[in-house]
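Thanks for coming. Let me put the model up.

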Amino acid sequence: MTQAILQLQAIEKSFPGVKALDKASLNVYPGKVMALMGENGAGKSTLMKVLTGIYNLDAGQIVYQGKVRSFDGPRDSQTAGISIIHQELNLLPELTIAENIFLGREITSRFGRILWDEMNAQAAALLSRLSVSHTPQTRVGSLSLGEQQMVEIAKAISFDSKVIIMDEPTDALTDIETQSLFKVINELRDQGCGIVYISHRMQEIFTICDAVTVLRDGGFIHECAISDIDEDQLIERMVGRKLADQYPRIAITHQGSRLAVKQLSGPGVANVSFNLNQGEILGFSGLMGAGRTELMKMIFGAEAKTQGQLSLNGCDINISSPQQALTAGIAYISEDRKGDGLLLDLSVKENMSICALAKLSSGLQLRHNDEMAEVDRFIDAFNIKTPSRDARIGNLSGGNQQKVSIAKGLMTLPQVLILDEPTRGVDVGAKKEIYDLINRFKAQGMSIILVSSDMPELLGMSDRILVMHQGQISGEFDAAKANQETILACAVGKTLHKDIA
Amino acid sequence: MSQSITAQPFYKRINKEWLIENKSLIALFSLIFVVSLLSPNFLTVDNLLNILRQTSVNAIIAVGMTIVILTAGIDLSVGSVLALSGAIVATLIGMDVPVMVALPVALIAGAALGAISGIIVAKGKVQAFIATLVTMTLLRGVTMVYTDGRPVPTGFSDTADSFTWLGTGYVLGIPVPVWLMAIVFIGAWYLLNHTRFGRYIYAVGGNESAARLSGIAVDKVKIAAYAICGSMAALAGIIVTARLSSAQPTAGMGYELDAIAAVVLGGTSLMGGKGRIVGTLIGALIIGFLNNALNLLDVSSYYQMIAKASVILLAVIIDTKKKA
């Protein structure tokens with residue numbers, strides 16, 4: 001391979017009680033996309049924070065452009081040509097694209113007056129390079145997540161970055177947005193940028209990356225060209241053991257309808273009808289903004305519907321609040337764990353039992369012992385890795401947080417479980433465990449709605465798949481016969497379900 | 001790993017984190033220690049009971065304030081609610097209405113007044129600061145109109161005498177307001193730690209949209225929190241009125257700030273969702289002891305304000321350090 005532009009060599013970093021990095025290494029080559037893989041907690045984020053100087057390293061060295069360097073913070077490393085695009089975007093929604101790109105280094109005259117024309121012109125040039133169709137004066141808050149990501153990339157390019165690190169860049173993107181991101185990555189690569197690509201999505205790694213570095217437990221495990229490794233070997237290296245079949249679909253004979261949705265309409269959802277059977281996993285596909293989350297929140301009573309009727313086990317039910325939905329036996333696990341899923345400052349126990357407290361109290365009084373026993377039972381059954389039931393949930397890994405979320409819904413003993421992106425931001429090992437759990441509920445006869453943007457997951461887990469486009473259902477597929485291309489075609493609005501069904 | 005921590009002897013657990021975690025308690029004890037060296041009159045039973053009685057009004061208001069702040073709100077109207085409830089109870093006692101009737105009426109009136117703020121915050125989606133700034137001014141105005149700006153005497157009936165006992169009486173040698181304060185704290189502790197409602201308070205303050213998606217009736221929880229805060233202010237109003245045998249229309253002005261200071265000194269986050277009621281008790285005691293100490297040490301009331309502000313500033317700075 002060519003000479004590396006950036007080398008992290010045997011980096012060590014300890015926090016009180018944990019050795020987060022133990023001889024972690026990473027090489028970045030100009031004109032190559034390097035995948036950085038590892039389970040959650042493997043040290044990927046810590047390594048990036050050491051690189052940009054947010055953390056000081058205990059041992060090891062950073063060699064950049066042939067010199068040993070250290071950086072005082074993100075601004076310092078960015079000026080030197082190393083940019084990070086974080087999973088959570090660092091943009092100010094109320095400012096324009098140009099203001100965001102040049103935040104803190106506005107182009108000014110000698111007396112400090114901002115030269116708007118100059119700044120907007122430079123921003124426009126960057127945007128056209130990334131084929132973003134908005135003007136630099138557009139407010140960032142009005143952009144889609146994918147477009148906001150492009151603004152972050154524009155910002156990185158404006159620093160003349162030689163190394164760009166992308167942390168889970170496609171997690172919130174639709175497939176179309178992902179495609180245009182890949183186009184940009186390819187261009188950057190051709191221009192000689194070194195790119196570090198952190199993702200849990202195997203397919204993307206094999207599509208876009210040239211080489212891969214695997215970390216496990218804070219240490220360097222493996223580096224090789226992407227053509228020299230296959231998916232199974234990669235997962236093996238990440239988890240340190242062999243994984244069984246990723247999507248162990250189980251066959252269940254469905255016994256009649258559980259939930260019927262008739263002509264449901266409301267903000268972002270138009271005239272949706274479908275049937276969910278007992279013991280069925282019904283997948284929902286669609287692009288971001290297709291109305292899937294809105295539809296689910298409407299079924300759950302968290303968003304108002306303008307018309308439509310739900311019936312559960314043949315009886316009409318009227319749901320206008322989440323309380324009523326939970327009482328009726330419908331549980332919803334949010335896609336946005338940090339936003340509206342978890343109470344990050346509260347403990348594992350308090351998060352898990354919050355929906356089921358009515359069952360765990362006599363009158364006003366909480367039955368603490370019953371609560372603890374119930375929580376322990378779920379921690380055990382779900383294999384949740386936490387120091388104790390009283391640990392702050394914000395300190396758990398993404399996969400374990402997600403398991404707590406699911407346990408929270410299950411404690412209400414639902415008949416219908418709605419899972420919105422249950423494996424987003426969850427590492428491979430924990431994903432498998434979540435799939436196993438979902439299958440276990442299915443075997444018990446629970447009806448499950450699985451909303452997911454992860455196609456292989458949707459195809460692998462669901463019995464049937466419904467596709468949404470602009471608030472409507474644009475297609476229905478038998479998962480065994482469906483494939484990615486037809487579903488995607490449906491998601492972008494081609495109605496071809498008649499040919500399939 | 002957690003086992004090795006709990007198995008450590010006590011003195012080994014005294015590290016920086018332990019000190020920050022228990023800073024308000026440490027501050028309280030150092031305050032008591034220093035002042036008892038400086039003034040021989042400080043550490044006497046009489047003076048301590050005096051301090052507790054003086055603290056009780058602020059502490060009772062601070063309990064309600066803690067509950068509201070835990071929901072990520074704030075209630076600036078407590079002083080006005082105190083004055084209006086005081087005027088109501090004074091009128092009733094003046095009309096010879098039995099104490100056992102007048103008290104519940106005043107407490108319910110306080111709860112209703114608090115609920116007004118709660119409804120504006122929860123249903124009107126108005127920021128708590130603005131909403132209660134409005135009710136603070138509104139209710140003060142109502143009090144002024146109602147009392148015509150003059151004190152409302154409770155009169156000289158037997159009823160008035162038994163009412164006055166609430167502010168001046170003793171049970172087992174301990175002032176009645178101190179008993180009331182103790183009951184309120186135990187009640188609030190039970191509410192926050194052992195009931196569903198208490199858990200919901202933390203949930204709403206911690207992450208409102210997550211609480212809503214968890215099936216919690218967020219609006220009801222908020223309105224109830226403000227109603228509790230209002231009834232605590234009313235109880236404080238009853239004590240103040242009973243002590244003076246009349247209700248002052250200007251009573252309770254500025255009390256909201258002392259209550260908020262007690263809550264913040266006690267370590268409760270103004271962002272909501274984090275805090276303990278015991279902390280508020282300690283916070284209220286620090287303010288009470290500080291006031292008393294500055295008086296005993298003959299510090300002028302002008303300097304007292306500066307001293308109090310410095311203590312609060314220090315506590316808040318330590319708190320932000322912990323988060324960083």
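Which residues in H10(B) meet which residues in H11(B)? Before I answer, note that this is a predicted model.

On the H10(B) side they are Leu191(B), Leu192(B), Asn193(B) and His194(B), and on the H11(B) side they are Phe197(B), Gly198(B) and Ile201(B). Sorted by class, this contact has 4 nonpolar residues, 3 polar ones and no charged ones.

Now the geometry. In general, a pair of packed helices is described by the angle between the axes and the distance between them. Here helix H10 covers residues 176-194 of chain B and helix H11 covers residues 196-206 of chain B; the two pack at an angle of about 75 degrees, and their axes are 5 Å apart. Angles from 65 to 115 degrees count as roughly perpendicular, so H10(B) and H11(B) are roughly perpendicular to each other.

Chain A is split into domain 1, residues 6-239, and domain 2, residues 258-500. Between the C-alpha centres of these two domains of chain A there are 32 Å. Their contact involves 15 residues from domain 1 of chain A and 13 residues from domain 2 of chain A.

What does the domain 1 side of chain A consist of, by element and by class? Two elements give two or more residues to the side that touches domain 2: helix H6 (175-190) and helix H8 (231-239) of chain A. H8(A) gives the most, with 3 residues. By class, that side of domain 1 of chain A has 5 nonpolar, 6 polar and 4 charged residues.

That is the end of both items.

How values were computed:
Residues numbered from 1 in each chain as written. Chains lettered and ligands numbered in written order. Predicted model: local features only at pLDDT ≥ 70, side-chain atom pairs only at ≥ 80, totals over all residues. Domains from an automatic or database assignment. Contact = placed C-beta atoms within 7 Å. Helix = DSSP H or I, 4+ residues; strand = E, 2+ residues; numbered from the N terminus. Nonpolar A, V, L, I, M, F, W, Y, C, P; charged D, E, K, R; others polar. Axes fitted to C-alpha atoms, helices over the stretch in contact; angles between N-to-C directions. Parallel < 35°, antiparallel > 145°, perpendicular 65-115°, else oblique.
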